[in-house]
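Hi,

Here is the structure I said I would pass on.

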Amino acid sequence: MRRAICPGSFDPITLGHLDIIQRAALMFDRVTVAVLVNPEKNPSFTADERLDMIRRAVRGISNVEVECFDGLLADYARQKNAQVIVRGLRAVTDFEYEFQMALANRKMNMDADTVFLTTSAQYMYLSSSMVKSIACFGGDISDFVPECICGEISQRLCMPRFNDES
Ligand code: COA
């Protein structure tokens with residue numbers, strides 16, 4: 001069985017992430033979306049909230065599961081018996097960081113290889129921070145995040161003076 005991990009912070013999951021997860025699910029028997037619990041990152045959404053949003057976004061993709069992890073990704077991949085770590089590559093700027101991470105992970109876990117999927121063109125510029133800053137000022141994020149979580153993100157992040165309902 002070919003097992004892959006799609007790791008990230010997913011704070012929150014975007015359509016760019018979902019695109020990578022969906023394509024990975026077509027390539028591997030089992031895909032684990034692994035949400036990093038990193039207290040240093042001071043996320044906008046708790047780990048449980050991020051898990052819940054991803055689960056709703058991937059509902060219907062039968063070979064995808066969603067879990068949290070902490071510690072080293074290389075150790076988590078070993079624990080999951082995953083042969084592949086899937087990362088999305090958006091632009092040249094992602095490359096150096098991703099290359100370094102892939103080399104370090106391979107050094108720590110020789111049984112797992114990193115596979116890069118080039119992001120779909122319409123998500124080249126997308127990031128979780130961008131979504132958060134648009135939502136914060138009451139902007140429309142419906143083109144950037146899965147429909148089923150769009151309202152929740154806007155409601156949570158929109159500052160009161162930009163919120164029509166307040
Ligand atoms: N579409 C849209 N956005 C994307 C994207 C895509 N396909 N791929 C990445 N991004 C964005 C994210 O939205 C995020 O944006 P933000 O910075 O505005 O929040 C940014 O790119 C990076 O996010 P993410 O993919 O979640 O990666 P990360 O850098 O937060 O986390 C881990 C990467 C979890 C894989 C890495 O930190 C890790 O493995 N940590 C565990 C500890 C460890 O093993 N360390 C040693 C590593 S060598």
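Phe69 and Tyr76 are both buried (buried is under 20% relative accessible area, exposed over 50%, partly exposed in between, with a 1.4 Å probe and protein chains only). Before I go on, please keep in mind that this is a predicted model, where local features need pLDDT of at least 70, side-chain atom pairs count only at pLDDT 80 or more, and totals for chains, interfaces and linings use all residues. Residues are numbered from 1 along each chain as its sequence is written, and side-chain values use heavy atoms, with hydrogens and water left out.

Back to the rings. There are 3 aromatic pairs in the structure (rings of Phe, Tyr and Trp, the last by its six-membered ring, pair if their centres lie within 6.5 Å; planes under 30 degrees apart are stacked, over 60 edge-to-face, the rest tilted). One of them is Phe69 with Tyr76, a stacked pair at 4.9 Å centre to centre with 25° between the planes. Tyr125 and Phe144 have ring centres 6.4 Å apart and planes at 85°, so that pair is edge-to-face. It ties together distant parts of the chain, 19 residues apart: Tyr125 sits in the loop between strand E5 (113-118) and helix H5 (128-136), and Phe144 in the loop between H5 and helix H6 (147-157). (Helices, H or I with at least four residues, and strands, E with at least two, are DSSP runs numbered from the N terminus.) Phe144 is buried, with a relative accessible area of 12%.

Now the strands. E2 (residues 30-36) is mostly covered, with 5 of its 7 residues buried. Which strands does E2 pair with? E1 (residues 3-8) runs parallel to E2 and is joined to it by 6 bridges (strands pair if DSSP finds at least two bridges between them), with Ala4 standing opposite Val31 in E2. The chain gets from E1 to E2 through helix H1 (residues 15-27), in a right-handed β-α-β crossover (right-handed: with the strands pointing away from the viewer, the path from the first strand over the helix to the second runs clockwise). E2 is also joined to E3 (residues 64-69) by 6 bridges, again in parallel, and here Thr32 stands opposite Glu65 in E3. E2, helix H2 (residues 47-58) and E3 form a right-handed β-α-β unit too.

H2 also packs against H6: their axes come within 9 Å and cross at roughly 155° (axes are lines fitted to C-alpha atoms, for helices over the stretch in contact, with angles from 0 to 180 degrees between N-to-C directions). The two helices are therefore roughly antiparallel (angles over 145 degrees; under 35 is roughly parallel, 65 to 115 roughly perpendicular and the rest oblique). Glu49, Met53, Arg56 and Ala57 of H2 make the contact with Cys148, Ile149, Glu152, Ile153 and Arg156 of H6 (contact means heavy atoms within 4.5 Å).

Last, some backbone details. Most residues other than glycine have a negative phi, and most peptide bonds are trans. The bond from Asp11 to Pro12 is cis, with omega near 0°, and Pro12 is in the loop between E1 and H1. Phe10 is found in the loop between E1 and H1 and has a positive phi of about 50°; Phe10 is buried, at 4% relative accessible area. Asn81 has a positive phi as well, near 55°. Asn81 lies in the loop between helix H3 (73-79) and strand E4 (84-89), and is exposed, at 57%.

Cheers
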